[in-house]
Amino acid sequence: MNAPLREPFSLRRRNLSGGTKPLTGWGFANETDRLTDVLLGSPANLRHLSTSSLSRKHLREAPCNIQVAQSQHAEMVAAYEHFGVKVHMHAPESELPMQVYARDSSVMTPYGAIITAMAQWWRRGENYAAIRSYEKLGIPIYDMVTAGTFEGGDFNVIEEGCVLIGCGGARTQEEGARQVAGWFEAEGWETRIAFIDEYYVHIDLMVVPIAPKLTAVCLTCTEPGIVEWLRAKGHEIIDVPFQDTMALGCNFMSLGGDRVIAPKSSQALIGQLRARGFEVADIDMSEISKTGGGIHCMAQALRRDAA
Ligand SMILES: NC(=O)NCCC[C@H](N)C(=O)O
């Protein structure tokens with residue numbers, strides 16, 4: 001495999017009128033291409049905070065055992081390494097209790113990274129830490145969200161040149177969603193905004209790509225219009241039951257090449273994937289997910305190679 005080609009780091013690589021050139025050494029066209037490099041966050045400073053209805057429920061009933069959560073995260077890291085994926089880590093900062101959710105503070109695109117605009121004050125510093133991470137990695141910034149808030153779990157590349165943007169209001173605001181959509185429309189992409197209830201936090205709780213034209217969706221909570229749109233594009237859908245979805249069971253990571261890292265509790269999804277011949281690394285994420293996110297929320301794909 002060729003080493004990523006270096007291009008000078010910059011804070012705005014985006015061509016303002018569109019037509020930005022894709023990076024050569026980083027990024028990806030499809031969320032289902034072969035993952036070679038992933039950016040993760042350390043759980044060293046993880047705290048179980050009242051961040052969403054989902055995390056609050058566990059705070060009330062049985063708060064997260066942080067040590068167990070950290071060992072579950074280590075198992076997830078080992079799974080990436082087992083599959084030959086190079087793991088890059090944000091430098092942990094003690095002031096950032098949710099840095100483990102590396103999906104949200106930035107978004108990797110074919111043109112460079114977007115620095116998002118976190119909604120909750122205790123996560124805002126993650127955006128600055130992410131700029132430092134990309135500088136260290138030598139990955140230029142495509143642009144930074146300036147119109148309201150936008151979180152990376154709401155940027156969902158459905159297929160090459162097509163993005164579904166979640167907008168629940170509390171995390172990603174419509175202003176932020178429309179700013180990002182506008183950038184990608186200028187690049188010639190198809191964009192679609194999915195308005196979701198803030199209870200679900202981000203769109204990647206309920207819609208996650210598995211393989212080309214194969215997408216996991218929680219049909220119970222996803223707008224029928226979004227499901228029809230996916231089907232009209234020829235996507236086959238694996239339905240993830242509502243209860244599993246609320247336990248982050250639809251929040252897994254496609255590694256490409258029919259390989260997936262998924263939470264052990266998501267038995268219906270795992271059964272369907274194995275029946276189709278997928279290799280699934282199933283990891284017990286039950287403790288760490290009490291803090292409100294899953295495997296997809298914890299990962300930012302930095303590079304994927306097309307088959
Ligand atoms: N993409 C995601 O859904 N991320 C999960 C973030 C969980 C974190 N506790 C939060 O509420 O911000």
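## The second largest pocket

Helix α3 gives the largest share of the lining of the second largest pocket, namely five residues, where helices (H or I, at least four residues) and strands (E, at least two) are DSSP runs numbered from the N terminus. The model is a predicted one, in which local features need pLDDT of at least 70 and side-chain atom pairs count only at pLDDT 80 or more, while totals for chains, interfaces and linings use all residues. Residues are numbered from 1 along each chain as its sequence is written, and side-chain values use heavy atoms, with hydrogens and water left out.

The second largest pocket holds about 170 Å³ of space, a volume being the space filled by probe spheres set on grid points that are joined across faces, edges and corners. The elements that give two or more residues to its lining are β2 (86-89) and α3 (121-137). Pockets and cavities are both found on a 1 Å grid over the protein atoms alone: a cavity is a set of points where a 1.4 Å probe fits but cannot get out, a pocket is an open set with protein on both sides within 12 Å along at least five of seven lines, and lining residues have an atom within 4 Å of a point. Among the residues that line the second largest pocket are L39, H88, M89, H90, R132 and K136. By class, this lining has five nonpolar, four polar and three charged residues, with Ala, Val, Leu, Ile, Met, Phe, Trp, Tyr, Cys and Pro counted as nonpolar, Asp, Glu, Lys and Arg as charged, and the others, Gly among them, as polar.

## The largest pocket

The largest pocket has a volume of about 290 Å³, and of the 17 residues that line it, H58, M246, A247, L248 and S289 are the closest to its centre. Helix α1 (residues 53-61) contributes the largest share of this lining, four residues, and the lining as a whole divides into eight nonpolar, five polar and four charged residues.

## Cavities

A search of the whole structure finds two cavities of 30 Å³ or more. The largest cavity contains about 160 Å³ of space; of its 19 lining residues, R171, V201, H202, G292 and G293 are the closest to its centre. Its lining comprises seven nonpolar, eight polar and four charged residues.

The second largest cavity has a volume of about 40 Å³ and is lined by F28, E31, R103, V107, M108, G152, F155 and Q300, which divide into four nonpolar, two polar and two charged residues.

## The ligand

The ligand sits in the largest cavity, in the sense that more than half of its atoms lie within 2 Å of the grid points. Of the 15 residues around the ligand, R123, R171, H202, T291 and C297 come nearest, a residue being near if one of its heavy atoms lies within 4 Å. This shell has three nonpolar, seven polar and five charged residues.

Among the polar contacts (pairs of N or O atoms within 3.5 Å), a polar side-chain atom of H202 lies 2.7 Å from an oxygen atom of the ligand, and one of D104 lies 2.9 Å from a ligand nitrogen atom. The protein covers 98% of the 350 Å² of accessible area that the ligand has on its own, with areas taken from the Shrake-Rupley method with a 1.4 Å probe.

Note on methods
A polar contact is a pair of N or O atoms within 3.5 Å; within protein, one must be able to donate a hydrogen and the other to accept it, and residues adjacent in sequence count only if both atoms are side-chain atoms.
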